[in-house]
Each structure stands twice: as C-alpha cells, then as structure tokens.
Amino acid sequence: MTSTDRYLVRGPRVGIRPFTVDDREEFTALARQSTDLHRPWLFPPATDGAFDDYLARLQEPLREGYLICEHNTGRIAGYLTINNIVHGAFHSGAIGYGAFAHAAGRGLMSEGLRLVLRHAFGPLGLHRLEANIQPSNRQSVSLVERAGFRLEGFSPDFLFVDGAWRDHERWAITSEMLQAPPKGQEG
C-alpha cells in the first residue's frame, strides 16, 4: 500500500484494504440494506456500536480484516476477515465474509476473495485458509468452489449462529492449490 493508494492489492474491478473507523457509516448502512441477503447465515455489524466492537476485534493480533471496494466508486462491495490465525508449523486461518446486496451476483466477491488469497499466501505468509459454511448457504459454497477450495469434511453443531448450533461444511485451500492451474487447464 502506498501513500496514494489505500489498497493492499488491486484487481481489474476491486481492491482490498483494511477497515477504518471512517468506514462505519457506509458499512453499517450497507449491512442494514443487505439483511435479506445475509439472513439466516450472517449478521454483520449494523449499528455504530457493533461496528466499533467489530473494528476493535479486527485489531487483535490473530485477525485480519479487509474491505472489498469497487475501483470506479470506492464503494464497499463486501468484506472478508481471517480469524484464528495460527503461525508456527500450521500457518493457517479461518475466513469469514459477506457481500452487500448492491454487489451480489456481480463477481466482485469472487475477485476480492482471490485478491485476499494472494495477500494471505504472500505477504501474510499463510499456507492454508479454511471456510466453514452452512450447507444450505449455496451462494457461499459456490464462491469458495470458484476460488478453488476443496470440501474437507462436515462438522455437526460447529458454530453458534442465529440462536442455535449449526452444522457446517469445512472447505479449505492451500497456497499450492492457489498456484495450480484449474482442473482441465493443466499443461
């Protein structure tokens, strides 16, 4: 990131950058506008206080948070966090993410996820990222499949979401998988 460019990595249509307190108003408004898209899987901060708490958690040493923003407008299209980062022999983290309603279905999250993967497997020095997804969340499953994640298992009663323990599928990608050509396009 340079002094003239807030983005850590840029793609053709979006860039990724860290969250800031200045994003509070736009982020919370977009979260409120996107409730129908997010429920029952996702509950991003929709109030000033919830955003401030979320931003404080993203400052913890084992977390990273990125906004996915459109180049042409700077508008936030979505967000992605890397949580539970473990170094040492593991070099791994778990991702969480969400698109906002105005950006859904436009490929912006796919591009943003690929940018975060490049950043995570490059400057952050991670080797593996995992996404835990409720099986009925087909849009989220499709997102990680397009990015090259593999299904590794099923975890019953894995995360407490929307008032209950929910089953999740475990999807993962490693740095080697990101560098490999897509199936059918080898050689």
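Colleague: Is Phe19 buried or exposed?

Modeller: This is a predicted model, so every value here is computed from predicted coordinates. Buried means under 20% relative accessible area. Phe19 has a relative accessible area of 8%, so Phe19 is buried.

Colleague: How many aromatic pairs does the structure hold? And how do I read one?

Modeller: A pair of aromatic rings is described by the distance of the centres and the angle of the planes. The structure holds 10 aromatic pairs. Take Phe19 and Phe51: their ring centres are 6.3 Å apart and their planes stand at 40 degrees, so the pair is tilted.

Colleague: Where in the chain do Phe19 and Phe51 sit?

Modeller: In distant parts of it. Phe19 is in the loop between strand E2 (14-18) and helix H1 (24-33). Phe51 is in helix H3 (residues 48-58). Phe51 is buried, with a relative accessible area of 0%.

Colleague: What about the rings of Phe27 and Phe51?

Modeller: Their centres are 5.5 Å apart, with the planes at 50 degrees, so this pair is tilted. Phe27 belongs to helix H1 and Phe51 to helix H3, so the pair ties together parts 24 residues apart in sequence. Phe27 is buried, at 0% relative accessible area.

Colleague: Now the strands. How do I read the two faces of one?

Modeller: In a regular strand the side chains alternate between the two faces of the sheet. Look at strand E6 (residues 128-133). On one side are Arg128, Glu130 and Asn132; on the other are Leu129, Ala131 and Ile133. These residues are all buried, and both faces of E6 are covered. That is six of six residues in the strand.

Colleague: In what sense do E5 and E6 pair, parallel or antiparallel?

Modeller: Strand E5 (residues 92-99) and E6 pair in the parallel sense, over four bridges. Gly93 has Leu129 of E6 as its bridge partner. Between the two strands the chain passes through helix H4 (residues 108-121), and this β-α-β crossover is right-handed.

Colleague: And in what sense do E6 and E8 pair?

Modeller: E6 and strand E8 (residues 164-174) pair in the antiparallel sense, over six bridges. Here Asn132 has Arg170 of E8 as its bridge partner.

Colleague: Last topic: pockets. How is empty space found, in general?

Modeller: Rolling a probe the size of a water molecule over the atoms shows where empty space is left. In this model the largest pocket has a volume of about 1400 Å³. The pocket is lined by 49 residues. Nearest its centre lie Trp41, Leu42, Gly96, Tyr97 and Gly98.

Colleague: Which elements give two or more residues to the lining of the largest pocket?

Modeller: The helices are H2 (35-38), H3, H4 and H5 (138-147). The strands are E4 (76-86), E5, E6 and E7 (150-161). E5 gives the most, with eight residues.

Colleague: How do the residues of that lining divide into nonpolar, polar and charged?

Modeller: The lining of the largest pocket has 26 nonpolar residues, 17 polar and six charged.

Note on methods. Residues numbered from 1 in each chain as written. Predicted model: local features only at pLDDT ≥ 70, side-chain atom pairs only at ≥ 80, totals over all residues. Heavy atoms only, no water. Phe/Tyr/Trp six-rings, centres within 6.5 Å; stacked < 30°, edge-to-face > 60°. Buried < 20%, exposed > 50% of the residue type's maximum accessible area, 1.4 Å probe, protein only. Pairing = 2+ DSSP bridges. Right-handed = clockwise from strand over helix to strand, strands pointing away. 1 Å grid on protein atoms, 1.4 Å probe; cavity = no way out; pocket = protein on both sides within 12 Å on 5 of 7 lines; lining within 4 Å. Points joined across faces, edges and corners; volume = space filled by probe spheres on them. Nonpolar A, V, L, I, M, F, W, Y, C, P; charged D, E, K, R; others polar.
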